[in-house]
Amino acid sequence: MEKWFNVGKIVNTHGIRGEVRVISKTDFPEQRYKVGNTLYLFMPGSNKPIELTVKTHRTHKNFNLLTFEGFENINEVEKFRDGILKVPETQLGNLDKDEYYYHEIIGCLVATTSGEEIGKVTEILSPGANDVWVIKSPAGKEILIPYIEDVVKKVDVKEKVILIEPMEGLLS
């Protein structure tokens, strides 16, 4: 059974030449959307993917704009709206030390180095210089933790545990 990983969602068409707007869900858009790469489109209500080969990629505002080989105009790609672009686990590359895929971090239990349990990572935001991990506490409160060396001290994706050293005011 193949495991699939989300790399983006087609939210609309762009122009009349078969370009689609994608909200990216990957840390590696330049790698995932590289010309010649194969992506798999999963449409709502269907579990059989449509295999697509990237023909062009560019960014415009906050979107990645893609065209696919064999799809030359808006009429052919309009039906792709709301589809999720995925890659199989076999397409995941090796990461450097201290680099992680989103799916490895989401769901991890976060605790302080002194043993206080903070909550679980529910989402990862990429606002700019560094990622921000959204932690949901047992009380339901959302806590934002920057993924920086000064705060995140240990990440164990096998055990699904992250140890942090909170800066003053981070948890209040």
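Modeller: A residue counts as buried when its relative accessible area is under 20%, as exposed when it is over 50%, and as partly exposed in between, using a 1.4 Å probe and protein chains only. This is a predicted model, in which local features need a pLDDT of at least 70 and side-chain atom pairs count only at pLDDT 80 or more, whereas totals for chains, interfaces and linings use all residues. Residues are numbered from 1 along each chain as its sequence is written, and side-chain values use heavy atoms, with hydrogens and water left out.

Asn64 sits in strand β5, which covers residues 63–68; strands here are DSSP runs of E with at least two residues, and helices are runs of H or I with at least four, both numbered from the N terminus. The side chain of Asn64 is joined to that of His57 by a polar contact of 2.7 Å, a term for a pair of N or O atoms within 3.5 Å where, within protein, one must be able to donate a hydrogen and the other to accept it, residues adjacent in sequence counting only if both atoms are side-chain atoms. If contact is taken as heavy atoms within 4.5 Å, and neighbours within four places in sequence are left aside, Asn64 touches Val20, Arg21, Val22, Ser24, Pro29, Tyr33, His57, Arg58 and Thr59.

Strand β5 belongs to a closed barrel of six strands with antiparallel pairing, in the order β1-β2-β5-β4-β3-β6. Neighbouring strands of this sheet are turned by 50° against each other on average, direction ignored, where axes are lines fitted to C-alpha atoms and angles run from 0 to 180 degrees between N-to-C directions. Two strands pair if DSSP finds at least two bridges between them; strand β3 (residues 38–42) and strand β4 (residues 50–60), for instance, run antiparallel and are joined by four bridges, with Tyr40 opposite Glu51 in β4.

Arg58, one of the contacts of Asn64, also takes part in a salt bridge with Glu19, at 2.8 Å from N to O. Arg58 lies in strand β4 and Glu19 in strand β2 (residues 19–24), so this pair ties together parts that are 39 residues apart in sequence. A salt bridge here is a side-chain nitrogen of Lys or Arg within 4 Å of a carboxyl oxygen of Asp or Glu, and by this rule the count comes to two. Glu19 is buried at a relative accessible area of 11%, while Arg58 is partly exposed at 38%.

The side chains of Lys55 and Glu72 meet in another salt bridge, of 3.0 Å from N to O. Since Lys55 lies in strand β4 and Glu72 in the loop between β5 and α2 (74–77), that pair ties together parts 17 residues apart in sequence. Lys55 counts as partly exposed at 36% relative accessibility, as does Glu72 at 44%.

As for the setting, the protein chain has three helices and twelve strands, and its C-alpha trace spans about 60 × 35 × 30 Å along the principal axes. Buried residues make up 35% of its 172 residues, and of the contacts with a separation of 6 or more, 49% come from residues 24 or more positions apart.
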